[in-house]
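Please examine the protein shown below.

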Amino acid sequence: MKKKKVLSALLVTAMTASLLAGCGSPSNGSVQEQVLKVAAFEGGYGAEMWSEVVAAFEASHPGVTVELTIDKKLEDVISPSMKAGDYPDVVHLATGREAALTETLTKENALLPLTDVLDMTVPGENVKVKDKIIPGFLDTLATNPYGDGVTYYAPMFYSPCGLFYNAGLFKEKGWNVPTTWEEMWALGDTAAEEGIALFTYPTTGYFDAFTYATLASAGGADFFNSCMTYEDGIWESENASKVFNLIGQLAQYTEGTTVANANNDNFTKNQQLILDNKAIFCPNGTWLPGEMAAAPRAEGFEWGFMAIPAVNAGGAGCSFCWFEQMWIPAAAQNQDLAKEFVAYMYSDEAAKIFAKSTAIQPIAGVSDYLEGDNKLFYSIYDNGATAVMGGFAATAPVEGVNMMDTLCGTVNSIVSGDKTVAEWQAAVEEVSDKLRAAME
């Protein structure tokens, strides 16, 4: 994503065992040599921060050598050896990716419970892991995928998701930032007269956070959780219809080249549309500015960020809080040390290293490390937005059924007009029925 190690990824061994032996030893005078295999997805934050965190972990754990494999397509790197029985000890790989490796292992009950890690003391500190993590992050299907209160995914790098835009364009045009969908449609009509589209999106995958936020806004937390757990008829309900119809209307305001570029090769062309003032809003997470840092932009461009407007009149805007996940395979060979590494991820030392690359850990006080645009992005919940977290409950595998493909992947067909909203809604309910059956 290996009896054979795949070194097309970045293999980092920050210190050799011989060097570590000279860095100090436990009080009993001996150093236990251990090798920990860590596999990490290289996202928009880059690879360097992982190398630095590994070096810091090794420095505080004499005798430990970390073999770190990093790749943008981590699944392709680690899956072959896993199939052969050679597993990493720790994996940083979020749910929601096309290859769905994390979901597959979850459905196969192939992950190690991490609840005991939450009761561990953060290495180098005097606080338990569970007391370091921001409240709310451990009470969600995105950490407890079976809905049984047991944590299998450790929350990592969180990012409020919402709509990014060029605040400079609003200043130039004298436009007000919309707070309701009625105001959104009115702005879309006004902008269209100047040849500017209201909306674009990188790929349909970004409709997970967008849809989750609108579902929660439409029906509240209980309704959202019912959707995530495949309650019978939930996707045919009035609240669900509000969301499907809203996205269907938004499709009419979507920039014309979006669908053609909504893929892993060309998604930055869609993101570029808001930098060039060809589209106003783009759903994304806080990694977007860094991802587009070197891209050209219109004169006076200034990042703006807002929650998804409330679906119901008088309601609050919602922002889905997307976060990445770290987990330990049940077949990992070095589980105790793997748990120690996971606990270390919540140390101030690790958090400060990650924050330098704008990868923000969900720990108390992390905002103290932030500056510039990130202070704007991470203040969205302080400005009245309701936080939404969680995801679909894990089920036994159902051949040919993928909720994210049906719910989010169909958006391209809605925008292009190849499918109707009614067809889309019916297909989602059908998939939900099959997944509900797989839970029973």
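**Helix packing and overall form**

Helix α9 passes helix α10 in a right-handed crossing, a crossing being right-handed if the near helix is turned clockwise from the far one by less than a right angle, and left-handed if anticlockwise. The model is predicted: local features need pLDDT of at least 70, side-chain atom pairs count only at pLDDT 80 or more, and totals for chains, interfaces and linings use all residues. Residues are numbered from 1 along each chain as its sequence is written, and side-chain values use heavy atoms, without hydrogens and water.

*The helix pair*
- The axes of α9 (residues 207–228) and α10 (residues 238–251) come within 9 Å and cross at roughly 150 degrees; axes are lines fitted to C-alpha atoms over the stretch in contact, and angles run from 0 to 180 degrees between N-to-C directions.

*The whole protein*
- The protein has 19 helices and eleven strands, which are DSSP runs (H or I, at least four residues, for helices; E, at least two, for strands) numbered from the N terminus.
- The C-alpha atoms fill a box of roughly 75 × 55 × 40 Å along the principal axes.
- Buried residues make up 55% of the 440 residues, where buried means under 20% relative accessible area, exposed over 50% and partly exposed in between (1.4 Å probe, protein chains only).

*A loop residue*
- Val150 lies in the loop between α6 (129–132) and β5 (154–160).
- Val150 is partly exposed, with a relative accessible area of 23%.
- Leaving aside neighbours within four places in sequence, Val150 is in contact with Pro113, Thr115, Thr143, Asn144 and Pro145.

Definitions and conventions. Contact = heavy atoms within 4.5 Å.
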